[in-house]
Amino acid sequence: MHGSPHQVGDVMTRAVVAVGRKALFKDIVERMDQWKVSALPVLEGDGRVIGVVSEADLLPKEEFRDSDPDRFTQLRRLTDLAKAGAVLAEELMSTPAVTVHTDATLAEAARIMALRHVKRLPVVNTGGVLEGVVSRGDLLKVFLRPDNELADEIRRDVVDVLFPAPVEPVHIMVTDGVATLTGRVGESARIPLATRMVQGVEGVVGVDCRLTAADVE
């Protein structure tokens, strides 16, 4: 992975386990267990994603197995009660599916996961056809980038752009993902911008900006 921002297509898993809309309840459970996943895209036709069936969609069958919910519970949890009696993926799935495109940034995917309270997102093309799956763990892969790779990107995309002729050389040190910048530059107004840009480099954990400026003396 090189350059920021990274896109979902850079980190997603392309080998995807999915089911058709007529998949049976037990087959879904077996597939989740076999592949150690908590949700499966539901496909039809040429691979278009029409929904997602998750562990949460399957649990009502166990929850209401031996219970007789009162009228209030029946009204409040109509959807869950319907899923408790469902046997096919099309009856169990949540639809429309919450998906993301391959060219979405990792930040965009993270926001979707947080807002929709999901752990995995099917990745689709413009026609809605499944191309992969991105998980929370996939989004964290950028933090595995080597420190020297981060330092090179910070030099190329931040320091050389904002400070092409510094008063004193700008030194960049990245340790465990934390970037430290030292040196003396001409314009103090660019220092906060440099901090923000370094923080925007995928894989940077923190920024310690110790730059000083000649125009504030």
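**Ground rules.** I am working from a predicted model, where local features need pLDDT of at least 70, side-chain atom pairs count only at pLDDT 80 or more, and totals for chains, interfaces and linings use all residues. Numbering starts from 1 along each chain as its sequence is written, and side-chain values use heavy atoms, with hydrogens and water left out.

I looked up the largest pocket and got about 400 Å³ of space. For my own reference, the search uses a 1 Å grid over the protein atoms alone: a pocket is an open set of points with protein on both sides within 12 Å along at least five of seven lines, a cavity is a set where a 1.4 Å probe fits but cannot get out, and lining residues have an atom within 4 Å of a point. Points are joined across faces, edges and corners, and a volume is the space filled by probe spheres set on them.

I find 18 residues lining the largest pocket, with Val 52, Ser 54, His 117, Val 118 and Lys 119 nearest its centre. Strand 3 (48-54), helix 3 (55-63) and strand 5 (120-124) each give at least two residues to that lining. Helices (H or I, at least four residues) and strands (E, at least two) are DSSP runs numbered from the N terminus. By class, I note nine nonpolar, four polar and five charged residues in the pocket lining. Here Ala, Val, Leu, Ile, Met, Phe, Trp, Tyr, Cys and Pro are nonpolar, Asp, Glu, Lys and Arg are charged, and the others, Gly among them, are polar.

**Cavity.** I count one cavity of 30 Å³ or more. The largest cavity has a volume of about 50 Å³. Its lining is Ala 39, Leu 40, Pro 41, Val 52, Arg 120, Leu 121, Pro 122 and Val 133, with at least two residues each from strand 2 (39-44) and strand 5. I class seven of the cavity-lining residues as nonpolar, none as polar and one as charged.

**Helices 2 and 3.** The axes of helix 2 (residues 25-35) and helix 3 come within 11 Å and cross at roughly 125°. Axes are lines fitted to C-alpha atoms, for helices over the stretch in contact, and angles run from 0 to 180 degrees between N-to-C directions. I therefore put helix 2 and helix 3 down as oblique; under 35 degrees would be roughly parallel, over 145 roughly antiparallel, 65 to 115 roughly perpendicular, and the rest is oblique. Phe 25, Ile 28, Val 29 and Met 32 of helix 2 touch Glu 55, Leu 58 and Lys 61 of helix 3, contact being heavy atoms within 4.5 Å.

**Helices 9 and 10.** Helix 9 (residues 147-162) and helix 10 (residues 190-199) pack at about 165°, axes 10 Å apart. I therefore call helix 9 and helix 10 roughly antiparallel. Their contact holds eight nonpolar, no polar and two charged residues.

**Backbone.** Thr 95 and Pro 96 are joined by a cis peptide bond, omega about 0°. I place Pro 96 in the loop between helix 6 (89-92) and strand 4 (100-101). His 117 has a positive phi, near 55°, and sits in the loop between helix 7 (106-116) and strand 5.
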